Amino acid sequence: MRPLVLKLQGLRSYRAEQTIDFTDQSLIAIVGDTGAGKSSLLEAITVALYGTPTWDAREVKQLVSDGETTMMVSLTFKAENKVWRVERAISRGNYPPARHHLECLEEGGEKVEKKEFVDDRIRRLVGLDYDAFLRSVVLPQGRFAALLQAKPAERAQILKGLLRLDRLDQVREQAISSKMRMEPVLSNLMERRAKCLPDPAAAEKDALARLETASKERDRARDAKVRVEQLQKQVRELREKQASLQKLRERALEGKVPNAAADFQFIAERDEQIQESIEKVQGALLSQRAQEEELIADIEEAEKKGAGPVALSGAKQSLSLIVDEAPLVSADKAQVEKDEAAVSKQSADLELADARLQTFVTAESDTKRDFIEKQAEAKRLAEALKTAERLLRDYRGAEREEDKVKKKRDTEKANLEKAVALLDEATVEAKTAEKKANEAEVATRLAMQKHAALHASEGLKAGDNCPVCEQVLPGGWKAPKAPQLDSAQKKAEKARVEWDKAKEALAKQSSKVDGIRDKLLEIDNDLSERSAKTGEVREALTSLLPTSSLHDDDATILSTLVTAAQEAEKARNLAEEKASNAKQALAIEKSELSNVKARLKERKEALKTAKEALSKRKKRLEDAVNALPKDLRPVLPKSGDVPRDELEGIRARLELRLTKMNEVVKRLDTVRSERRASESFRTRLVEERQRDVTAKAASLEMLLATWRERLLSLADALSTAPPPERPADSNLKGMADWTGRFIESADELIKNAQLSIENGSAQVLAYSEEMAAIFASAGVSNEAALQSALSSAEGRALMASSDLAKARADKPIAEALDERISRAQSLVAALGEVVRLVADGKLIAYVVNKRQLALLAVASELLGTMTRGRYGFSEEFEVVDRLSGQARGTRTLSGGETFLASLALALSLVELAGRAGGRLDALFLDEGFGSLDASSLSEALDALTQKAEGGRLVAVISHLRSVAETIDKVLSVRMTAQGSRVAWMSAEDRDQLLSEDVERGLIA
């Protein structure tokens, strides 16, 4: 999980909305005065992800700002390679209701609502539950001390609080600070010198000699290689030419057409035979087409006059239609006149029914209007009664709840008075314990200063170096005991334990008082809300029942509304019955009128259909008469009934004309059949010529063309004249003559190709012999050996060149580093002597009992990572120097090394969580980094910087602004009259803060 953007409002001191963008940040510092709201940012992140604060999952509502009802937090973060945003809104009371929303901001992303679902999805995205998150991502102040504490009697004089050393005198502090600043500088100089050559001048001379020898050998091998490559290229080109020529010769042989001249001669003779047959068939076909055209012209002329076969067939059909339709026209006309009379009578009856319907419509409308009025009045009174009953129930319930809250407030007030009295007692006890602890501490310091030499030898054994003279301690040597020191230390330790207990009791009681006050404030707010609600309900009841008294029983208060509602319901039922009867009578009358209209409509539609049918029948009869030839048309009377005798005479004349025309059509069919047979025979002759002459000649020409293309490629490769080209306008006999000459030329060309191939083989043999001579002169047997000799010479030359460059580059650097290391060693030795002389015998005494082996293994791995693999932990909690394999007690570590060891132990929980499946891309440390000197702070931040690599966000929270001196990105938290404000600091802002700290003596 990697935070990107945090928004919060209404959380503790953040009354107005604040936005913090972590997107491009890695290592940052969050600084501000005590109480400015730095730690509240961790609360906001924890609430956003898990919906709960860091100290108690059940007290999230205590985070709501004073005077506010709701807090809102929003966190945009990256998990599972996607960007998500979680939003939560939590109120002090029950309204507005809490809101929990999670959304993936990718296209088509997932959305989750409700707290339990959002919490579950967050746990799966982050890979950590709530408790693991507080151990892995958020490390509140005091976590490091819990991991390092063991044997309080030995550590009480060294550790106080969170990784803070006891205050020594000013000289010792300045000496240690200066020494710790110089030791990393000296270590860095020595590391840089170790990267240079031990003797750059000697290395430069040796590299020059090796480079000269290797360069001569490389040049000789290169010249031989160039000549061999030239000969190999010539051999390749010659062999490629031979292979290409051999391929072209073989393709020319494959494409040879040996009998092409004889084949062309045979095709020419077959072509003459087919041409003669085609000319004979063409003459017969011309005569047949002339007869066919003459008969077609006679038939078309008859059609124009109406006497053709098509016209006579149509006239015969029209005459049959006249015979069938004429009697039906008279009958249809009589039926139409009868239907018109019936429609006229039904129309008159419909007008009378419409007039009678209006009377029923008026009666139904009047009764319906009266029912609607009565129904509205009854509904209004019923709703008023329900509202009054509900308001009355709400009023009685609000009174009871208000009394309960008042009693609860009185109880909490009494609890507050008792808690405040206990808090005053705890304050007095804490001050007394503090005074005793300070007095015991002063006594212990005086004892330590008096016996500093004895304390310096404490913890040493035979074989160790003396801290004063640096001589090896003899066998059987034992450290002497400082008189009265153990007693003073025990008294000081006991006093500090009592002071810690008093402070803890004071903090618990203070927290209890604050909790009771917050709870009492919440009760007062609840009581105010309930009183306001009771007043609102009372006012609504009074406006609805102005004449009633709320002191009466519920039945008496509602009696007037109950009576009015019952009377209105009776009136509504009576009006409903009248309206129903009128509506039923109107429906019966409308149904009858609808039936009359339907019958009239059907009769009119039938009459319209009959008229249309009669009109169409008359039209068909007239069209049939007009379709007959003019000399055969009968006279059509008004009734449409033509005499049958007249129609029979017309039919006889029509049949005679049709018989004569059919004989002409039959003669045309005979001529067409003869013409088609001639055309079919001619088509077969053409197809035979295409198959036996044209196709075979084309195929033969294609084979010759393909062969000639291959011969042209072969002639081009030999640079000789190509075979003769095909004549442009030659017939089949001319093609036969050309083919004979072409074949003779082709055979000569193929023979010349074979001679050229044999000459190339002799030249390849000569080139091979010359390459063998070159290998012999170079002292190798083949090309691979020559390449190996060249690579070896080039490698030696390259190595010598690289060594020469390294020696020349290191020479001035090594000289400068040697001079700086000498001066730095002298200074560090002098500072160490000062520290030794003023030390109290125990600079650091971190002896830690055994803890879980898994935690030690992870801590050892983390410490090794932060010290470039040099240090780790043993099972006895000693630090192991992996370069020498020796275990070191924690008292031998420098301040920075001590902090790194402590940080490794704390961060081991982070690493264990990551190995268990979580991906931690953020780390927030709420620690007192201001207790470290500049060098220790630098080493600690270097360790945290490693955690910031790879996109991880590491945030260091401190109330001291001096942290801004070593961290580039600083987030400032300020308390204003409107609440806490956050802002990223510019370089000028950081300089100003540092100047203020220097003036106040916070930075040495």
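Q: Why do side chains alternate at all?
A: In a regular strand the side chains alternate between the two faces of the sheet.

Q: Where does this model come from?
A: The model is predicted: local features need pLDDT of at least 70, side-chain atom pairs count only at pLDDT 80 or more, and totals for chains, interfaces and linings use all residues. Numbering starts from 1 along each chain as its sequence is written, and side-chain values use heavy atoms, leaving out hydrogens and water.

Q: Which strand order does the six-stranded open sheet have?
A: The order is 2-1-4-5-6-7, and the pairing is antiparallel. Two strands pair if DSSP finds at least two bridges between them.

Q: Which strands stand at the edges?
A: Strand 2 (18-21) and strand 7 (111-113) do. Each has a single partner strand, so one side of each is left without a neighbour in the sheet.

Q: And the angle between neighbouring strands, what is it on average?
A: They are turned by 10° against each other, direction ignored. Axes are lines fitted to C-alpha atoms, for helices over the stretch in contact, and angles run from 0 to 180 degrees between N-to-C directions.

Q: What packs on this sheet?
A: Helix 1 (residues 38-50) does, touching strand 1, strand 2, strand 4 and strand 5 (82-91). The direction of helix 1 makes about 75° with that of strand 4. Helix 2 (residues 115-126) also packs on the sheet, and touches strand 4, strand 5, strand 6 (99-104) and strand 7. Here the angle is about 145°, taken with strand 5. Contact means heavy atoms within 4.5 Å.

Q: How many bridges join strand 1 and strand 2?
A: Four, in the antiparallel sense. V5 stands opposite D21 in strand 2. Strand 1 (residues 2-9) also pairs with strand 4 (residues 70-79), antiparallel over seven bridges. There, L6 stands opposite L75.

Q: New topic. What is the order of the three-stranded open sheet?
A: The order is 11-12-13, with antiparallel pairing. Strand 11 (871-873) and strand 13 (886-888) are the edge strands, and each pairs on one side only. The twist averages 35° from one strand to the next.

Q: What stands opposite F873?
A: V879 in strand 12. Strand 11 and strand 12 (residues 879-881) share three bridges.

Q: Now helices. What span should helix 8 have?
A: Helix 8 (residues 260-304) has 45 residues and should span 66 Å. Its end C-alpha atoms are 64 Å apart, which agrees. The expected span is 1.5 Å times one less than the number of residues. Just after helix 8, G306 takes a positive phi of about 85°.

Q: Is S678 buried or exposed?
A: S678 is buried, with a relative accessible area of 13%. S678 is found in helix 13 (residues 644-718). Not counting residues up to four places away in sequence, S678 touches V281, L285 and Q288.

Q: Last one: how many helices and strands does the protein have?
A: The protein has 19 helices and 17 strands. Of its 1004 residues, 38% count as buried.

Key: Helix = DSSP H or I, 4+ residues; strand = E, 2+ residues; numbered from the N terminus. Buried < 20%, exposed > 50% of the residue type's maximum accessible area, 1.4 Å probe, protein only.
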